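The sequence and structure come first.

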Protein chains: 2
Amino acid sequence: MNVENTQVQMRKGIIEFCILHIISRGEVYASDMLLELTTAKIMVVEGTLYPLLTRLRKAGLVDYKWVESKSGPPRKYYTMTENGSAFLAKLSATWNDLVTSTGNIVSNKKAQPKAKRK
Amino acid sequence: MNVENTQVQMRKGIIEFCILHIISRGEVYASDMLLELTTAKIMVVEGTLYPLLTRLRKAGLVDYKWVESKSGPPRKYYTMTENGSAFLAKLSATWNDLVTSTGNIVSNKKAQPKAKRK
DNA sequence: ACTTAGTACTTGGCTATACAAGGTACTTTT
DNA sequence: AAAAGTACCTTGTATAGCCAAGTACTAAGT
């Protein structure tokens, strides 16, 4: 149990959330996503991104089309589907709750129990 | 790929972070933690918490002592070790970075690349 | 004394993600 | 042709959280 591993675990699911957000803003291909995530200091490697994109597509949350490139092999440009947008909305709510809840714990504000504490 | 599962994944690592925070505030036993996490709307079940506590103890991040209870079997009261405090400090930094970074992505502020983007 | 209910802790099997490392394929440059 | 650069893909490993079932101790009811 080391810090690095726990940091990896912390990012689980969040990467998926971030990817969906990036795709929701318009057509992008994998390297665009990697650049944005890296710039935002959320490190992601190819071996994580590609399988994730495949999962998202199989789940019908995103779609893609091949586009020729002037400087290399063709690229897969991804776009959101309607299901993907709905999915993302739910994840956004979850993420906000999680940040708020964790913030309460961290800031030592013991959330007041609504009901009686026996 | 459903919302529930992704929500579970999102919490990975964060639960460990929250537990360490709670223990860092003073002696607590498992049910105290469950109550606080549940109140903060971070759902955790026994089957998650107990193995986690065992991992933390084996890693030397927390310690515990048995305390008799007036209303049931004895309880394990947990406390932080020095290693645990250092570990928690690193996780806190990671968590803050992650929230900030994700916030940037979500709020659509495409982080400006420092270097040229061809 | 025996049973029931409540509390506390434990364990085994399952699933899913992230990562490392290696691989395939297309295009341009030398 | 060969090398370099770009883009996409696959396999194997480790780990965390969940579900479900189980163990054990205490107090209260019969």
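In this predicted model, the largest nonpolar core has 50 residues. Cys18(A), Ile23(A), Cys18(B) and Ile23(B) are the residues with the most contacts inside that core. At least two core residues come from each of α2, α3, β2 (75–80) and α5 of chain A, and likewise from each of α2 (14–24), α3 (30–39), β2 (75–80) and α5 (82–106) of chain B.

Cys18(A) has contacts in both chains once neighbours within four places in sequence are left aside: Leu37(A) and Ile42(A) in chain A, and Thr102(B) and Ile105(B) in chain B.

Cys18(A) is also one of the buried residues of α2(A). This helix is mostly covered, with 10 of its 11 residues buried. Among the buried residues are Ile14(A), Ile15(A), Phe17(A), Leu20(A) and Ile23(A), but also Glu16(A) and His21(A).

The contact between the chains takes 41 residues from chain A and 40 residues from chain B. On the side of chain A that touches chain B, two or more residues are given by each of α1 (3–11), α2 (14–24), α3 (30–39) and α5 (82–106) of chain A. The largest share of that side, 13 residues, comes from α5(A). The table gives the make-up of this side by class.

| Class, side of chain A that touches chain B | Count |
|---|---|
| nonpolar | 20 residues |
| polar | 11 residues |

Technical notes. Residues are numbered from 1 along each chain as its sequence is written. Chains are lettered from A and ligands numbered from 1 in the order in which they are written. This is a predicted model: local features need pLDDT of at least 70, side-chain atom pairs count only at pLDDT 80 or more; totals for chains, interfaces and linings use all residues. Two residues are in contact if their C-beta atoms, placed from the backbone, lie within 7 Å. Helices (H or I, at least four residues) and strands (E, at least two) are DSSP runs, numbered from the N terminus. Ala, Val, Leu, Ile, Met, Phe, Trp, Tyr, Cys and Pro count as nonpolar, Asp, Glu, Lys and Arg as charged, and the others, Gly among them, as polar. A residue is buried if 20 or more other C-beta atoms lie within 10 Å of its own, exposed if 12 or fewer, and partly exposed in between; C-beta atoms are placed from the backbone. A nonpolar core is a set of buried Ala, Val, Leu, Ile, Met, Phe, Trp, Tyr and Cys residues joined through C-beta atoms within 7 Å.
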